[in-house]
Amino acid sequence: FFLRIRRPPRSTQSRSSAASDVYKRQDEACSRLSDILSSLQYLSQFDLNLFGCQLVGNKTLRDIGNSLRSCTLITALHLNFSKTASTSEGVAALTDGLNGLVLLTEFGLYLSSTSVSDQGALQPIDALAYSQNLSSFFFALDQCNGVTDVSARKIANFIMQKTSLTRIKLSLLRTGVTQNGKQIMREVKQSRKFVSFD
């Protein structure tokens, strides 16, 4: 199952033109999202791309988290909340729904250009500790100033301990991670040479 909600155009001729129409569609789609998820008994893969949707915030993440609790058989999950109004509080609510996804083999969470901090970055990592079959891990936190070396160390430990991982895509550009944190990630990459790092 794949759902993508368009973001509005950057410039329009009037406030009530194309941008307004797209915002209305975003609002309708977000309000229906939890209903769509709740009505699905079995999902093998779910890709949700809400990139740039300004109406997407903590409530949307909470609704998605609640809906994912009934999708315990899902094996591949990709969630893109980059450039939305998502915060660490919303990620915490979303993470509650990840705890039961023990069959996950592929997981991607994209939170670039949001106000997520270490608190929000670390909670999905803790939830994925129970996914014994996780082989692919994608995590983007670009331009999240609240993400620091604390997150870098936790993510590094997670990667080292998750021996099932064979493919990793991690992006921490323009965050609060210092050279020390970047060095930690370089060392992890060196020590896990058999793993594909994108």
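The model is predicted, so local features need pLDDT of at least 70 and side-chain atom pairs count only at pLDDT 80 or more, while totals for chains, interfaces and linings use all residues. Residues are numbered from 1 along each chain as its sequence is written, and side-chain values use heavy atoms, with hydrogens and water left out. A pocket is an open set of points on a 1 Å grid over the protein atoms alone, where a 1.4 Å probe fits and protein lies on both sides within 12 Å along at least five of seven lines.

**Largest pocket**
- Twelve residues line it (each has an atom within 4 Å of a point), and Leu170, Ser171, Leu172, Lys182 and Met185 are the closest to its centre.
- Strand S6 (167–171) and helix H6 (179–191) each give at least two lining residues; these are DSSP runs numbered from the N terminus (helices: H or I, at least four residues; strands: E, at least two).
- H6 brings the largest share, four residues.
- By class, this lining has six nonpolar (Ala, Val, Leu, Ile, Met, Phe, Trp, Tyr, Cys, Pro), five charged (Asp, Glu, Lys, Arg) and one polar residue (the others, Gly among them).

**Second largest pocket**
- About 210 Å³ of space sits in the second largest pocket.
- Its lining includes Ile125, Asp126, Lys154 and Phe158.
- Helices H4 (118–127) and H5 (149–161) each supply at least two of the lining residues, with the largest share, four, coming from H5.
- Here the lining counts five polar, three nonpolar and three charged residues.

Notes. Grid points are joined across faces, edges and corners, and a volume is the space filled by probe spheres set on the points.
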